Amino acid sequence: MLPQATCRLELMRILVIGSGGREHALLHGLSGHELHVAPGNAGMATLAQVHPVDAASPEAVTRLAREVDAELVVIGPEIPLVAGVSDALRGAGFNVFGPSQAAAQLEGSKAFAKDVMASAGVFTASATQVTALDEIDAALDGYGPHYVVKDDGLAGGKGVVVTDDREAAAAHARAVIKAGNPVLLESFLEGPEVSLFCLVDGETVVPLLPAQDHKRAYDGDLGPNTGGMGAYTPLPWLPADGVSRIVAEVVEPVAREMVARGIAYQGLLYAGLAWGPEGPAVVEFNARFGDPETQAVLALLETPLADALNAVATGTLAQLGPLRWAEGYAATVVLAAEGYPESPRKGDALSGDNLDDPSRILHAGTASRDGVYVSGGGRVLNALGVGATLAEAVEAAYAQLEGVELQGGFFRRDIARAAIEGAISL
């Protein structure tokens, strides 16, 4: 079960921007405060007052923050950050958890992130940016046999193709360029992937628990990339000094470089890494909590979430003190709609006696119709499990899905299996 937050802060009015499972987890972690969410989803109404808003509009979000008299605004998704919503809110005098538009380029522009890492001396894949269709073939000649082709823009976790098929790589590159974005070709990084969230306030960095996401749609890491089909934390196979190495070798150097550039980072920096023979190498940065890792990580956080987010927003993270964590493991499994990720069905009814319990089920793509929950997006909901062992946590998460019904819905049945079976080694 997700621990309920016992807040040291006095009751606050908190506005959370977003509508996915990540934001539902944030709301649950912030329970005990006066909560507002926009645009939200149907399942969030049990925790917060739901408001309609264009989350990518700085003016609309600022207007809403004034209407609810928010004392803290937490921006969940990447699109509002890249659109400059945090800048508008700060300019209007609000405390905001979320980096500035300039700092959010670490996610919004992979080329910008590469430049920052090069200046900071951070290990990452070599890369080539391609902007014209007639440059693709020559650029591909410098890569392979494993091709990594990325949309150099926001793609919701689905803009990356990793393939041994050169023509598939070229086809993705052509599609991205035709859509109006540059393409980034990268060398392939060996090793298991690690997701590490860090609270960052200028040069102060406070890591959360490490997690691992499962991006492919189907068991055995088959199928297309998705926004994430499940996650678990912590990582039993990560070296004891793994988190401290990532902080020292990746996050702190990047934070210092951002300060040196006059665009200090203030928010959550997500480092997606591959742990290869030489240690951690950066695959990507996100400028916000990742989804679905957030759902698992926050399930073990004992420090009041509001304290941590407010400390970052007010520039006092260095005074917060070490984060406290529950013992054990947490896992989350995503229930996806039929046809996800290419063309998910919407409007199918959901049933289950645990759908209103945010300690067990976190809504992502849900809507309400005649008092019944229906699917409103590709990733419909997340089932949570906590246990003394990783196997127990995963079993608990799957148990939550047994009572949920969604026509055509599917989920991966191998979340964390490799870690449980000891198949991940460094």
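The second largest cavity of this predicted model is lined by Leu199, Leu208, Phe289, Leu301, Leu305, Ala308, Leu309 and Leu323. Here a cavity is a set of points, on a 1 Å grid over the protein atoms alone, where a 1.4 Å probe fits but cannot get out, and lining residues have an atom within 4 Å of a point. The volume of the second largest cavity is about 40 Å³, a volume being the space filled by probe spheres set on the points, with grid points joined across faces, edges and corners. Its lining comprises eight nonpolar, no polar and no charged residues; Ala, Val, Leu, Ile, Met, Phe, Trp, Tyr, Cys and Pro count as nonpolar, Asp, Glu, Lys and Arg as charged, and the others, Gly among them, as polar. Helix α11 (residues 305-313) contributes most to this lining, with three residues. Helices (H or I, at least four residues) and strands (E, at least two) are DSSP runs, numbered from the N terminus.

Two cavities of 30 Å³ or more are found in a search of the whole structure. The largest cavity holds about 50 Å³ of space, and its lining consists of Leu26, Val74, Ile75, Gly76, Phe97, Gly98, Pro99, Leu268, Ala287, Arg288 and Phe289. By class, eight of these lining residues are nonpolar, two polar and one charged.

Residues are numbered from 1 along each chain as its sequence is written. Local features need pLDDT of at least 70 and side-chain atom pairs count only at pLDDT 80 or more, whereas totals for chains, interfaces and linings use all residues; side-chain values use heavy atoms, with hydrogens and water left out.

The chain is divided into domain 1 (13-101) and domain 2 (127-186), with bounds taken from an automatic or database domain assignment. The centres of the two domains, taken over C-alpha atoms, are separated by 34 Å.

An open sheet is formed by five strands in the order β3-β2-β1-β4-β5, with parallel pairing. Its edge strands, β3 (49-50) and β5 (96-97), each pair on one side only; two strands pair if DSSP finds at least two bridges between them. Strand β2 (residues 34-39) runs parallel to β3 and is joined to it by two bridges, and Val37 stands opposite Val50 in β3. Helix α1 (residues 21-29) packs on the sheet, touching β1 (13-18), β2 and β4 (72-75), and its direction makes about 165 degrees with that of β1. Helix α2 (residues 58-68) also packs on the sheet, touching β1, β2 and β4, at about 155 degrees to the direction of β1. Contact means heavy atoms within 4.5 Å; axes are lines fitted to C-alpha atoms, for helices over the stretch in contact, and angles run from 0 to 180 degrees between N-to-C directions.

Methods:
On a 1 Å grid over the protein atoms alone, a cavity is a set of points where a 1.4 Å probe fits but cannot get out, and a pocket is an open set with protein on both sides within 12 Å along at least five of seven lines; lining residues have an atom within 4 Å of a point.
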